[in-house]
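Visitor: I am new to looking at protein models, and I would like to learn how to read one feature at a time. Could you take me through this one slowly?

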Amino acid sequence: MQCKNHDEVQAVDRCVGCAEAFCGDCLVEVRGQKYCGSCKVLAIQGQQIVLEEETVPCKEASEALTYAIASFLCCGIILGPMAITKAYKARELIAMDPRLTGSGKANAAMVIGIVALLLWLIAFVGAPVAHVRRRP
Ligand SMILES: [Zn+2]
Ligand SMILES: [Zn+2]
């Protein structure tokens, strides 16, 4: 078995990409796999594409949504603004880093946070007013 590039040199292994035999000088190791010169380029390009497509869920967006839902149940006056702040920060982070996902979560958290805050404000301010109005 001779190297495909060097007729006089004994091949040591086969390329993973094209399955041709190559000598030690021609083979390059990429991620533990042996490639020849031309397949190596494809292997590295493929690796970069995978890296570019890799996405990271935005932690801030998930936290914002958790705060937003919690703000409905209790302490909306405190948790509501926290949810809105976190959702705003999450949207900024997602806008800066295209790999981050969760813009839908951040938007939902912002809406839920605002609604929860309004409901709590109405409950705090509106209830006593309604109570007073009901009295003659
Ligand atoms: Zn090859
Ligand atoms: Zn060779």
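Visitor: Which residues does A87 touch, leaving out those up to four places away in sequence?

Guide: This is a predicted model, and in it A87 touches A64, A106, A109, M110 and G113, once residues up to four places away in sequence are set aside.

Visitor: Which residues have the most contacts inside the largest nonpolar core?

Guide: The general idea is that in soluble globular proteins nonpolar side chains tend to be buried together. Here the largest nonpolar core has 18 residues, and those with the most contacts inside it are A64, A68, A83, A87, A106 and A109.

Visitor: How should I read the way α2 and α3 pack, and at what angle do they do so?

Guide: For a pair of helices, one looks at the angle and at the distance between the axes. Helix α2, residues 59-73, and helix α3, residues 76-96, pack at an angle of about 160°, and their axes are 8 Å apart. Angles over 145 degrees count as roughly antiparallel, and α2 and α3 are therefore roughly antiparallel to each other. The crossing in which α2 passes α3 is left-handed.

Visitor: Which residues of α2 and α3 meet?

Guide: On the α2 side they include A64, Y67, A68 and F72, and on the α3 side they include L79, A83, A87 and L93. Sorted by class, the contact of α2 with α3 has 12 nonpolar, 3 polar and 4 charged residues.

Visitor: How many helices and strands does the protein chain have, and in what order do the elements run?

Guide: The protein chain has 4 helices and 6 strands, and from the N terminus on the elements run β-β-β-β-α-β-α-α-β-α. Of its 136 residues, 26% count as buried.

Technical notes:
Residues are numbered from 1 along each chain as its sequence is written. Chains are lettered from A and ligands numbered from 1 in the order in which they are written. This is a predicted model: local features need pLDDT of at least 70, side-chain atom pairs count only at pLDDT 80 or more; totals for chains, interfaces and linings use all residues. Axes are lines fitted to C-alpha atoms, for helices over the stretch in contact, and angles run from 0 to 180 degrees between N-to-C directions. Helices (H or I, at least four residues) and strands (E, at least two) are DSSP runs, numbered from the N terminus. Angles under 35 degrees count as roughly parallel, over 145 as roughly antiparallel, 65 to 115 as roughly perpendicular and the rest as oblique. A crossing is left-handed if the near helix is turned anticlockwise from the far one by less than a right angle, and right-handed if clockwise. Two residues are in contact if their C-beta atoms, placed from the backbone, lie within 7 Å. Ala, Val, Leu, Ile, Met, Phe, Trp, Tyr, Cys and Pro count as nonpolar, Asp, Glu, Lys and Arg as charged, and the others, Gly among them, as polar. A residue is buried if 20 or more other C-beta atoms lie within 10 Å of its own, exposed if 12 or fewer, and partly exposed in between; C-beta atoms are placed from the backbone. A nonpolar core is a set of buried Ala, Val, Leu, Ile, Met, Phe, Trp, Tyr and Cys residues joined through C-beta atoms within 7 Å.
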